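Work through the exercises below with the model open beside you. Try each task before you read its solution.

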Amino acid sequence: MQLFDTTQLALEAAMHGTSQRQTAIAQNIANVNTPGYRRQEVDFEGQLSAAMAADDRDAVRRTAIVQRTDASAPVRIDGNSVDMDVEAAGQARNGLMYQALVAVTKARTGIIQSAIGNR
């Protein structure tokens, strides 16, 4: 019997993914005035969603976090593709997602602690 189910593993993978995304956003903001810098983005939701749909613990555990250059972002004349409005919105959205993941994880941990009489 496993103590942590697929959902718990998915929550951990999603928190790791949002953390990586936050790092990429911070790098984008730090390089907003760097000529030639191309905006970076992080993706993990598609692979994680497919692993969850298949109820595959190993696939959830191995969810890859892919950081890549955003080829669709408009490029300014100096070759930089960072838009502060896009980064600010992404940072806010990502922060809310991380807070929601932490809240769900905390609630699930509380349930486990209650079940083992540790509360």
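A salt bridge is a side-chain nitrogen of Lys or Arg within 4 Å of a carboxyl oxygen of Asp or Glu. Keep in mind that this is a predicted model.

**Exercise 1.** Which residues does the salt bridge of R39 and D70 link, and where do they lie?

Solution.
- Step 1: The side chains of R39 and D70 come to 3.0 Å, N to O, and form a salt bridge.
- Step 2: R39 sits in the loop between α1 and β1 (40-43), and D70 in the loop between β2 (66-69) and α4. The two are 31 residues apart, so the pair links distant parts of the chain.
- Step 3: Both R39 and D70 are buried.
- Step 4: R39 also meets E41 in a salt bridge, at 3.9 Å. E41 is partly exposed, at 25% relative accessible area.
- Step 5: A network of salt bridges joins R39, E41, R68, D70 and E87.

**Exercise 2.** Find what R21 and E45 tie together.

Solution.
- Step 1: The closest N and O atoms of R21 and E45 are 2.9 Å apart, a salt bridge.
- Step 2: R21 is in helix α1 and E45 in helix α2 (residues 45-53), so the bridge ties parts 24 residues apart in sequence.
- Step 3: R21 is buried, at 15% relative accessible area. E45 is partly exposed, at 29%.

**Exercise 3.** Describe how α1 and α4 run relative to each other.

Solution.
- Step 1: The axes of α1 (residues 6-30) and α4 (residues 84-115) come within 9 Å and cross at roughly 155 degrees.
- Step 2: Angles over 145 degrees count as roughly antiparallel, so α1 is roughly antiparallel to α4.
- Step 3: The contact residues are 11 nonpolar, 10 polar and three charged.

How values were computed: Residues are numbered from 1 along each chain as its sequence is written. This is a predicted model: local features need pLDDT of at least 70, side-chain atom pairs count only at pLDDT 80 or more; totals for chains, interfaces and linings use all residues. Side-chain values use heavy atoms; hydrogens and water are left out. Axes are lines fitted to C-alpha atoms, for helices over the stretch in contact, and angles run from 0 to 180 degrees between N-to-C directions. Helices (H or I, at least four residues) and strands (E, at least two) are DSSP runs, numbered from the N terminus. Angles under 35 degrees count as roughly parallel, over 145 as roughly antiparallel, 65 to 115 as roughly perpendicular and the rest as oblique. Ala, Val, Leu, Ile, Met, Phe, Trp, Tyr, Cys and Pro count as nonpolar, Asp, Glu, Lys and Arg as charged, and the others, Gly among them, as polar. Buried means under 20% relative accessible area, exposed over 50%, partly exposed in between (1.4 Å probe, protein chains only).
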